[in-house]
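Please look through the structure below before reading on.

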Amino acid sequence: MNEQLKRRLAFLGILIVGLFAALFTRAWYLQVLTSEELAERALSNYVEIVITQPTRGRILDRHGVVLADNIRSGVITVNQSRYAPGQTDFVLEQLSELINIPVATLKSRLQDQQTHPLAAKVVATGLDEYGLLRVSELSLPGVEAKWVMSRVYPQNEIASHIVGYVGAMSQGQQDRLLQSGYLPSERVGKSGIEQIFEPDLHGQPGRTELEVDSTGRVHRILSQTSATPGSDVYLSIDADLQAATESYLRQGLIAARKTVSEDSGFFFPAIGGAAVVMDLRNGDVLAMASHPTYDPNWLVAGITTLEYQSVFENPYAPGALNNRAVQGLYSPGSVFKLITALAGLEARLISPRAAYYDVGYFQIPDKYGCTGRCTFYNADKAPLGIVDLSSAITRSSDAYFYKVAHDLYWIRGDEQWAIQDMAQLLGFGSQSGVQLPFEKHGRIGDGDVKKALFEAKPDAYNPYGESDQWLPGDNINTGIGQGFVSVTPIQLANAYAAFANGGTLFSPNIVEKVVSRTEDRFGTSVIDFDPRIQRVAEFPEGSGVVREGLHGVASKARRGTAWRAFEGYDATGYAVAGKTGTAQAEGRNPVLQRKKEDSAVFVAWAPRHDPRYVVAVVMEEAGFGGEAAAPVARRIFEALRAYEQRWPDPQVAFIPPQPECPEIPEALRGYQAFTSYVPEGCPWGIQVPRANTAEDVDGDGIPDLEERN
Amino acid sequence: MNLPLRKELRSPLRYADYSLGLVAMLLAAMGVALNYSSTWRVLEFNGQDPATYAKRQILFVIIGIAIMIGATFLDYRLYRDFANQAYLVVMLALLGVLFFGVERNGARAWYELPGLTFQIQPAEFAKVAVVVALAAFVADKDGHLRLVTLGNAFLMLAVPLGLIYLQPDLGTMLVFVAIGMGVLLVAGAQIRHIAITTLVGVLVVVGMFNSDDLGGPEILRQTQEDRLTAFLDPTFDLQGASYNINQSQIAIGAGGIRGQGWLQGTQTNLNLVPEQETDFIFTALGEEFGFVGVSVLLLLYAYMLARIWFITRSSNDLFGTFACVGALSMFTFQIFQNIGMTMGITPITGIPLPFLSHGGSSTVVAFGLIGLVINISARRHLA
């Protein structure tokens, strides 16, 4: 080994000695010189962040009735990390005695997977002061008894589908929400307004950073921001009207279950339904019912598995959590004839006053070379005799609209899809835009839809391998709202509202405003939902006749399909115009194992000449629209009349649609033959007595004397 | 009565330095104890066997001891013949890990073998291969390093450095730098050459640090930059990068002179120091055994390094000398860097503390290197 190598090695050795000296010195410094200070910091070295949950905003109806509120509720939490494994049993036994909850239940709540394994678990909720006192007197380690704010729905199941409910955050949301300041134990909106307006309702949590020692004593506050309460959400619904609507819908369904179906000979199952009440002047939803329903308190406070299954997994009342008014897809049946009629007028295919002989069926003429089904029967194969557009609507002549839809099929060019275009113009096939989650689009059958369905689900839609061409029969079925048409109840209400108000299609508002509750902006509204107009439709000439036909549905004795439901109805100033529908439902009832019964549909507005409210009722497997759904609507209209008296609403400025007045030479105006064609309200022709006069007590615009003929 | 034999003819194991092996095993025993104390609480809380980590570490130590004993018997000079092959194999392994390795903490540095509960870190084995290959290379040059030779040596280092940079693993890269610097310095590289390379190295590091600020690509990850910044300014981001530094110093300082006793350290038990069973194992020692324990550990390490230094000096074989220097540099750097980082005098880099940190590859490699040094000590009188 040469000298140079040795020198360098020595240098390396000295370097190592130096490094070790540094380590020793540093260890000496830390462990001897500054040990006391560091030991103290070890005791108090972590910052505890206390997050104060903001008060969640309330949900109220348009007049301030509280639908979702917060209450103080006593909870008991157990922090497992304070115990060695297996030592929690003793504590749980003690707790169980005090608060009368079985040990097994407490244990299962300790196993809760939704909160962090190290966080304290909630084992009991809803305690009163004495319960909390009893537990805190025991001063068990790791057991905490405290007040928390919890969500409560004071109106129980009223408007539950609209308001929604809160629940533990899902795995998917957790990361995002925790980052934006949520506590892991916090509950978030899972459905309805609670979900859509979660950011507004939640508010901003407060955050206090404390320097806390290992025994929990606070040494100092490092920083502090207080919580900002969430905003209140005011709905456009009225709680009383909502309650009435829900109860009428339920009663209607119960009544339907006591009715025997003529088709099958069984009682109607009437498993569910929906009803929508809208102000057609501005698109406000006044009530929206869906059946079967539930009490959101069950989901917040917790119910037993058995209770849960009986409500939410009940095969006889499926989909209790779904808001059928926006999520339910139904064939509209005859209520869709409004669309067909308007389409026929638009295409100038219908002469409103032309007579058509309804022989009880419609046969595709031979010259068209029919493929597939060629003969289409009326609902009960009953011939209605001579009808025109107005009476075809009033009496719901299928054959008339079969012919219209058939003839529209053979028009080539733009007009071929006249029904579909008119449906889309009135909002079918797309979301209405109401502020509720999970809204369905529905669909309006045309060639593309049929092709897509046949391709996607050949088993369900095309079991016999038929052609996917759009056939005359498809258009005919579409014309009476069957086949490839499916709509939501809110779309029905919205479309009829647009027709009744003269063509303005709104995006319905179910929320009126969001009102801040922060200190500096208390009571001022953050968001105002003004009427949102989607589009304004121009209706073709002759739509007055359609209107006339709809007027007759509820009032023309023995003619109108819903007249029996409105027998004895006090129509003074509140006459109803609407359309019934009895829609065949596809498929089989999974529980009863037989073909599904028809859905009953009824859509109407009132008052007839000064339209203000539209009501849509859909009842699944409940029979005829005129027999099952119309009575429900009738009671809702009665409730609406009471509602208007209680809450006179002068703010809505609205001009009812003006009738179309055809040009008739002055010389001819006095003659009966011409004047009968002139719509009421025109400056010439028969001056129809307005509603509430001696001649027209029911207010339908037709003198009562004439009606009784 | 034994006849006096010529040194060459006696069994070389007569001259073997067994005390090194003993010290290594003592250190490993401390490591097992500390592995247990820094993990039992969390494991028990999670309902697992509290000794899971300790048991695994015992397994690693047993494998390590077996390898150490095995490495002692075969004449180390044979290793020289396979130095290049070993180097090549390990480089391939380093290359492979970039494609087939598993990712942990953002670094792709481990092979996962089916059926095993632990992973293999090729970079650890690369340390041995580089020590041996570099020693062989320098010994070939007979200790006369010209600039060209130095360049070749740097190339030998640059390959593993580049591959580990791609994982990336800053700490292990620095270990290779330390090995290279140690061996080349002792081997007789010109001071000015070393100085120039150091200057270039410093410039490269500064460039890496600021390349993204100067508009270039981001070479150092933000976490790495943060850790180094935190080292320079511990008040920077108290809950983030400085957290480790602060917590580990608090833990060590809280130990005081006598420590809080085994399994009694609050920082250790409450898991307040992250990575406590691996890179920050020294904090468990500091908190639970205090300055006394730290001194014992440092003295054991000092004894170990001193023995290696003497063996280096007394070896008659240049290859043996440089292999020892490599091992010496590696151990020194790892010990100083690791303990220094826990005490806040060096920046935080992920380097295991030899024999103490939990981990199969590092424990086995440390024992293997000690085996190599014992081997050299046994044959130091042979030329």
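The size of an interface is often given as the accessible area lost when the parts come together. A:Arg8, A:Leu23 and A:Gln31 supply 20% of the area that chain A buries against chain B, more than any other three residues.

This is a predicted model, in which local features need pLDDT of at least 70 and side-chain atom pairs count only at pLDDT 80 or more, while totals for chains, interfaces and linings use all residues. Residues are numbered from 1 along each chain as its sequence is written, chains are lettered from A and ligands numbered from 1 in the order in which they are written, and side-chain values use heavy atoms, with hydrogens and water left out.

Contact means heavy atoms within 4.5 Å. By that rule, 32 residues from chain A and 46 residues from chain B take part. The interface has eight residue pairs in polar contact, both residues at pLDDT 80 or more. A polar contact is a pair of N or O atoms within 3.5 Å; within protein, one must be able to donate a hydrogen and the other to accept it, and residues adjacent in sequence count only if both atoms are side-chain atoms.

On the side of chain A that touches chain B, α1 (3–33) and α2 (35–43) of chain A each supply at least two residues. The largest share, 20 residues, comes from α1(A). Helices (H or I, at least four residues) and strands (E, at least two) are DSSP runs, numbered from the N terminus. Sorted by class, this side of chain A has 23 nonpolar, five polar and four charged residues. Ala, Val, Leu, Ile, Met, Phe, Trp, Tyr, Cys and Pro count as nonpolar, Asp, Glu, Lys and Arg as charged, and the others, Gly among them, as polar.

## Aromatic pairs

Over all chains, the whole structure has 25 aromatic pairs. Rings of Phe, Tyr and Trp (its six-membered ring) pair if their centres lie within 6.5 Å; planes under 30 degrees apart count as stacked, over 60 as edge-to-face and the rest as tilted. The ring centres of A:Tyr165 and A:Tyr294 are 6.1 Å apart and the planes are at 90°, so this pair is edge-to-face. A:Tyr165 lies in the loop between α6 (160–163) and β6 (166–168) of chain A, and A:Tyr294 in the loop between β12 (284–291) and α11 (296–301) of chain A, so the pair ties together parts that are 129 residues apart in sequence. Both A:Tyr165 and A:Tyr294 are buried. Buried means under 20% relative accessible area, exposed over 50%, and partly exposed in between (1.4 Å probe, protein chains only). Ring pairs link A:Tyr165, A:Tyr294, A:Tyr308 and A:Phe312 into a cluster.

## Salt bridges

The count comes to 25 salt bridges over all chains. The table gives some of them.

| Salt bridge | Closest N to O distance |
|---|---|
| A:Arg56 and A:Glu198 | 2.8 Å |
| A:Arg72 and A:Glu129 | 3.8 Å |

A:Arg72 is partly exposed at 48% relative accessibility, and A:Glu129 is partly exposed at 48%. A:Asp388 is buried at 17%, whereas A:Arg353 is partly exposed at 26%. Through shared partners, salt bridges join A:Arg56, A:Arg151, A:Glu194 and A:Glu198 into one network.

## Inside chain B

Chain B has 14 helices and three strands. Of its 383 residues, 56% are buried.

Where is B:Asn375? B:Asn375 sits in helix α14 (residues 360–378) of chain B and is buried, with 0% relative accessibility. The side chain of B:Asn375 reaches the backbone oxygen of B:Leu74 at 2.4 Å. Not counting residues up to four places away in sequence, B:Asn375 touches B:Ala71, B:Thr72, B:Leu74, B:Asp75, B:Tyr76 and B:Tyr79.

Technical notes:
Buried area is the accessible area (1.4 Å probe) that two parts lose on being put together, summed over both. A salt bridge is a side-chain nitrogen of Lys or Arg within 4 Å of a carboxyl oxygen of Asp or Glu.
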